[in-house]
Amino acid sequence: MLAAERAHLDRAAGCLAEMRVAASAVTDAGVDSWASERLGAARARRLAALAADPGVPPFFGRTDALPAAGAGAGETFHIGRRHVRDAAGDPVVIDWRAPMSRPFYQASATDPHGLARRRRFGFSGGELTGYEDEVLEAGDGPGEFLREEHSSRVLLREIERPRSGPMRDIVATIQPDQDDIVRAPLAASLCVQGAPGTGKTAVGLHRAAYLLYTHGGQLARTGVLVVGPNRAFLRYIEQVLPTLGEVDVAQATVAELTARVPVRAADSAAAGELKGDARLAEVLRRALWGEIAKPVDDVLVPLAGRRYRVPVERLKRAVDDLRRRGRAAEDQQLLHYAAGRERLAMLLAEDARRQKEAAGGSPTDAETRRGARSAEVREFCDRVWPAWDAAGLLFALWSDADRLARAARGVLDADEQALLRWPVVPRSVRSAPWTPADAVLADELAGLLERTAGHGHVVVDEAQDLSPMQCRAIARRLGAGSLTVLGDLAQGTSPWSPADWARTLADLGRPAAAVTPLTTGYRVPAEVLDFANRLLPVIAPGLPAATAVRSEPGSLAVRPVAALAGPLADVVADLVERPGSIGVVCADAVADEVVALLGAAGLPAARLTDDGEDPGRVAVVPATLAKGLEFDAVVVADPAAIVAAERRGLHRLYVVLTRAVSTLVVLHRGDLPAPLSRDAGQPV
Ligand SMILES: Nc1ncnc2c1ncn2[C@@H]1O[C@H](COP(=O)(O)OP(=O)(O)OP(=O)(O)O)[C@@H](O)[C@H]1O
C-alpha cells in the first residue's frame, strides 16, 4: 500500500516538473506589446507558483468516496497544495481549494460528506513515511477516533514539529470550523474572535489563498491586501501565501499604508490616543471643506479670444452644489475635494461656452478646457476652492491655533486642541516632527482630497488594537470589497481596544460582519493555556476561554527567583540544547540588558526588532512585539515588570504567556501578578 502511494507521489512530482517545463516554454506572443507584457507577467506568476517551495510534497491527503450504487470502489482523489495533471490533462492531484477537496476537511463520523475514508500522509524530509486512515463509512465501526477529531496524530505531529524561521501553512490539517471560515463566500465580510493559538492568522491567510483561487478573475484587478501590526509579524507570516502558490498578495502594516509624511517623532500617550479618536475625522473634514469660501464677485472667463462674465449668483450656486456633493452618502456619488476644484473650474468655462453659443459661436472642447485652465479661473479657484495637499493642511492645522479652533469647535475642547498643536512651529512640512498617528491623519485628509484605490478583499490581523482612525484608513482601501477581521479582545493592548467588536467593525466600514468564534487552541498546551486563562475573568470578562487540543505534562514551569541573571541564563542554556525556536520575553525597557546578560553567558541571543530582521536562535522579545508570534520555548522574564509597563499590562501578559508551543518558563521576582498567583507560586 505504501509502495503504491510512493509511486503516486513520484508520478505527481514528475507531472509537476513537466508542467513547469511547459509553462516556461509558452511564448509570450500577445496581439500587441501590452498584451505580451501581461501574458509575460501572468506566466512569471504561474511559474513562480509552480516553483514555490519545491521541497514541499505534491500531496498530503487523499479521499476515497463511497462507491456509487451498484459500482465497485468509489473515486479516489489525492489532495495537495496545487493542482497537478498528467500529459493527457487528467488530474493527478487536486488543489486543496477545489470544491472536490472540501470533504477532506469537512467529513466527520456523523456527516461523512460522501467519503468512505480519509487518508493523511506523513512525510519526513520529503519522504513519504506513512499514513493515517480514518474510516468514515457508516456500518464499518462508528468512526470511533473521529469523535475525537483533534487527536489525529498527523495534526499533533504537525503542531509539535519544532519551529525555525517563518510561519508554515496548515493546509494538510485545517479543521472543520476553520475550513468554514476559509471557504466563506467572497461577498461575506466576517470577524473571527479567536482565543490565542486558535489559528486566526493561519485561517486568514488560507482564506486569502482560497479566494484568489476561487475568484481569481474578479480579484485579479483589485487584488487582496493583508494588514498586520508590524514588520516583525509580517516577516513571520510572509512565506505562507507563496507556499500556497499565491505570490501576488500585498502584505503591509498600517504605517506602510499611510506613509504620507516622513515619521520622525513619537506622540505623548495622551496626544497619540486623541489622534486615533474618531472625532478627528470630523475635525479634518471640517478643516478641509472649511477652506472653501463664498464667491463675492463676478468672474470674467476668457474663451476663444473673448471674455465672458459669469455672475456671482451663478458662482455661489455652483460652489454650493459641489460642496453638497462632497457630503454624498453614496460612495460612487461622492465628490472628493480635489475633483471638486477641477469641476468648479470646468463649470466656469462651460458657463462661458454657453454664453458664446447663445451669441452664435461654437467653441470646441479644447478651447473650453483652455478656458478652465486660464489664469482668471485659476485665480478664482485659489480664492474660493484653494488647492491643498494632505501634509500641507495638517501642517497648517497643527501650526495655527485659530485654524484648528475653527475646525474643532464643538468637537474638541481647548485642552485637546492644545495637545494637537506643535509647541514650536516647525520650519517646513518636510522637517516637521511627524508621528505615526499624524501619518494616519494625513492619510485621512488624502482620502478626502482624492479617492483611495480599493482592494477586492482585505484581511486585517490583530484588529483589536486598531484605533478608529486606523480602521478608517483600512476601510478606504477596501472600496466595495469584503473584509476578514481577525483578533482577540482579550489580547487588546492599545488605548482603543474595545470590549466588543461592534465599533471596530463599524469603523472598518462593515458593521454587519458576522462575528465567528474560534475556541480550540492549537498552539499552546493545556497546562500553559489554563495558567494564562486565569487572567481572563479580569481582562475580558464574558469571553469564553480556549480549550487546548493537547496536553503536555511538564510544559509549564513557574519559578520564583531572587535575581534574574543567573537563573535566566541557566534556563536558556538548557533550552538551546533542544531543537526549536526560543523566545525570551521581557519588558521593553530591559530587552537590551537581557541580550547583554545572555551574551555574557555565551548564549546566541539577539533582540527582535520591529523591522523584521531575523534575530536567530534565541530571540529576546520586547513584550510589545510578541503579539502574533510563537516559539517552541518561551521564557517570560519578570512578568510583574511587563504588567507594570503599561496601562493594559495584564492584557499584554496574557499575550506573552500564550506564545509557547511546547515549553513555558516563567521567572518571577517577588509575587506573581495577582490573578495568576492563585494556586501557583511553586514549580508546576
Ligand atoms: N488546523 C491546524 N493544523 C495545524 N496547525 C494549526 C492549525 N490551526 C492552527 N495551527 C497552528 O497553531 C499555531 C497558532 O496559529 P495562529 O498563529 O494562526 O493562531 P492565532 O489565533 O492567530 O494566535 P494568536 O492570537 O495567539 O496570535 C500556529 O503554529 C498554527 O500553524
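**Questions about a binding site and its surroundings**

User: Which residues does UniProt place under the feature "binding site"?

Analyst: The unreviewed UniProt entry places that feature at Gly194, Ala195, Pro196, Gly197, Thr198, Gly199, Lys200 and Thr201. UniProt positions follow the numbering used here, feature names are shortened, and annotations may be inferred rather than shown by experiment. Residues are numbered from 1 along each chain as its sequence is written. This is a predicted model, in which local features need pLDDT of at least 70, side-chain atom pairs count only at pLDDT 80 or more, and totals for chains, interfaces and linings use all residues.

User: Why does Gly197 count as buried?

Analyst: Gly197 has 27 C-beta neighbours inside 10 Å, so it counts as buried (20 or more other C-beta atoms within 10 Å of its own; exposed is 12 or fewer, partly exposed is in between, and C-beta atoms are placed from the backbone). Gly197 sits in the loop between strand S7 (190-194) and H7. Helices (H or I, at least four residues) and strands (E, at least two) are DSSP runs, numbered from the N terminus.

User: Which residues come nearest to the ligand?

Analyst: Of the 24 residues around the ligand, the nearest are Thr173, Pro196, Gly199, Lys200 and Thr201 (a residue is near if its C-beta atom, placed from the backbone, lies within 6 Å). Helix H5 (153-160) and helix H7 (200-214) each supply at least two residues of this shell.

User: Why is the ligand said to lie between domain 2 and domain 5?

Analyst: Both domain 2 (186-259 + 451-521) and domain 5 (526-677) give residues to the shell around the ligand, so the ligand lies between them. The domain bounds come from an automatic or database domain assignment.

User: What makes helix H22 largely enclosed by the rest of the structure?

Analyst: Nine of the nine residues of H22 (residues 468-476) are buried, so the helix is largely enclosed. Among those buried residues are Pro468, Cys471, Arg472 and Arg476.

User: What does the UniProt annotation say about residues 173-525?

Analyst: In the unreviewed entry, this stretch carries the annotation "domain: UvrD-like helicase ATP-binding". Over residues 173-525 the chain is 47% helix and 12% strand, with its end C-alpha atoms 18 Å apart.

User: What makes strand S17 (556-560) and strand S19 (605-607) edge strands?

Analyst: An open sheet of six strands runs in the order S17-S22-S21-S18-S20-S19, with parallel pairing. S17 and S19 are its edge strands, as each pairs on one side only.

User: How do you know that strands S21 and S22 pair, and how many bridges join them?

Analyst: Two strands pair if DSSP finds at least two bridges between them. Six bridges join strand S21 (residues 631-637) to strand S22 (residues 660-668), and the two run parallel. Phe631 stands opposite Ala660 in S22.
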